[in-house]
Amino acid sequence: MIKKLLFAGSVFTMLSCSESKQLQSTSSHQAETQAPALKDVYKDHFSIGVAVSPQALKTDEAGLILQHFNSVTAENAMKMGPIHPRENEYNWAGADSIVAFAQRNGLKVRGHTLVWHNQTPSWLFVDKDGNTVSKDILLQRMKDHITAVVSRYKGKIYAWDVVNEAISDKRDEYLRPSKFLEIIGEEYIAKAFQWAHEADPDAQLFYNDYNEINPVKREKMYRLVKSLKDAGVPIHGVGLQAHWAVNEPSRDQLDATLKQFADLGLKMQITELDVSIYPKEHDARERNPEDANTVYTAEREQQQEAIYKMSFEAFRKYKDAISGVTFWNISDRYSWLDNFPVRGRKDYPLLFDKDLKPKKAFWQVVKW
Ligand code: HAH
């Protein structure tokens, strides 16, 4: 007990005053509920991360992060739109504050993301007259962006999602039609890895994508990552987003997915885990009358609990291949799923409720 207090005391000295208070209040809450820390439960297996905003780090959610997580990802702050809003202007404030929080508190940082078809800045694909830029110009812009961002956080960000979601969701199409693909061609992917590696040779570089449990999509992800690896491109791992739901994945589907990527011989991380209380949908859509039913019923809660339990059983089975599991958002106060696939439909996909208390699913994840 004394050891624990001394340890806690030494940790507090590294925190800002408000972070220290937040951690203390969360610790007394922990004592009440006897909740073990997620990061301690899994310390011999993989890191436990969480996607954050700079704002959340100034609230009581910071205490919860320090209690349970040993890795953070910026939910939005490092995406190209937010961090590079104009060609000659970077907006470092949000990303810097997340990295500083992590450094003060001894957390690892995953970088997300360097090249993605979404949340791009409006200037990226056009010249000053609004005409589409040439292949050479877009390659140069990509290189400048990747070099600037990766260099700034060299040695502070241990892993990067270099390319996000480059695979098509259409059955018979390999790569997603995007401006990057249209203007540059397939080589934009390998180039991104090469420039990220040049900027920080020690960073672990990942290809990251969603709907990895679907056999058709999974096969294409596997093909892409394997072809990059075989071509000698500096790629070190595959990120499985794991945006799941009450009705998926099945145990067999998940097992087959983890097995296939484990066999690649690269690192594997679960990068954006959440379990929606609604059946899975992959495309944004208009609201319909049934969407008014956002009650977090006992049945929905139970189905979600079962998916979390089964998922962590699978993660433990493949623990030698998995190096990190990151949740996409902190607590049910806020999730990106509140606005996807339907705007304004509240979801409850995480392990902590709006009061930051561990949910039933949390207990499944820590008890084994
Ligand atoms: C992820 N895409 C992104 O990687 C992440 O950056 C974002 O914050 C949330 C989810 C998942 C996705 C999507 O955005 C659109 C359609 C399908 C899946």
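**The ligand and its surroundings**

Let me begin with the ligand, which sits in the second largest pocket of the protein. Please keep in mind throughout that we are looking at a predicted model, and I will come back to its confidence values at the end.

Which residues are closest to the ligand? Of the 13 residues that surround the ligand, the closest are Lys-79, His-112, Asn-164, Glu-165 and Glu-272. If we sort this shell by class, we find five nonpolar residues and five polar ones, together with three charged residues.

For Gln-241, the distance between an N or O atom of the side chain and an oxygen atom of the ligand is 3.2 Å.

Finally, the confidence of the model. The protein has a mean pLDDT of 93, with 91% of its residues at 70 or more. Where does pLDDT stay under 50? One such stretch is residues 1-14, which have six contacts in the model beyond four places in sequence. Residues 27-32 also have pLDDT below 50, and for this stretch the model shows six contacts beyond near neighbours in sequence.

Key
Residues numbered from 1 in each chain as written. Predicted model: local features only at pLDDT ≥ 70, side-chain atom pairs only at ≥ 80, totals over all residues. Heavy atoms only, no water. Near = heavy atom within 4 Å. Polar contact = N/O pair within 3.5 Å; in protein donor to acceptor, adjacent residues only side chain to side chain. 1 Å grid on protein atoms, 1.4 Å probe; cavity = no way out; pocket = protein on both sides within 12 Å on 5 of 7 lines; lining within 4 Å. Sits in = over half its atoms within 2 Å of the grid points. Nonpolar A, V, L, I, M, F, W, Y, C, P; charged D, E, K, R; others polar. pLDDT = per-residue confidence, 0-100. Contact = heavy atoms within 4.5 Å.
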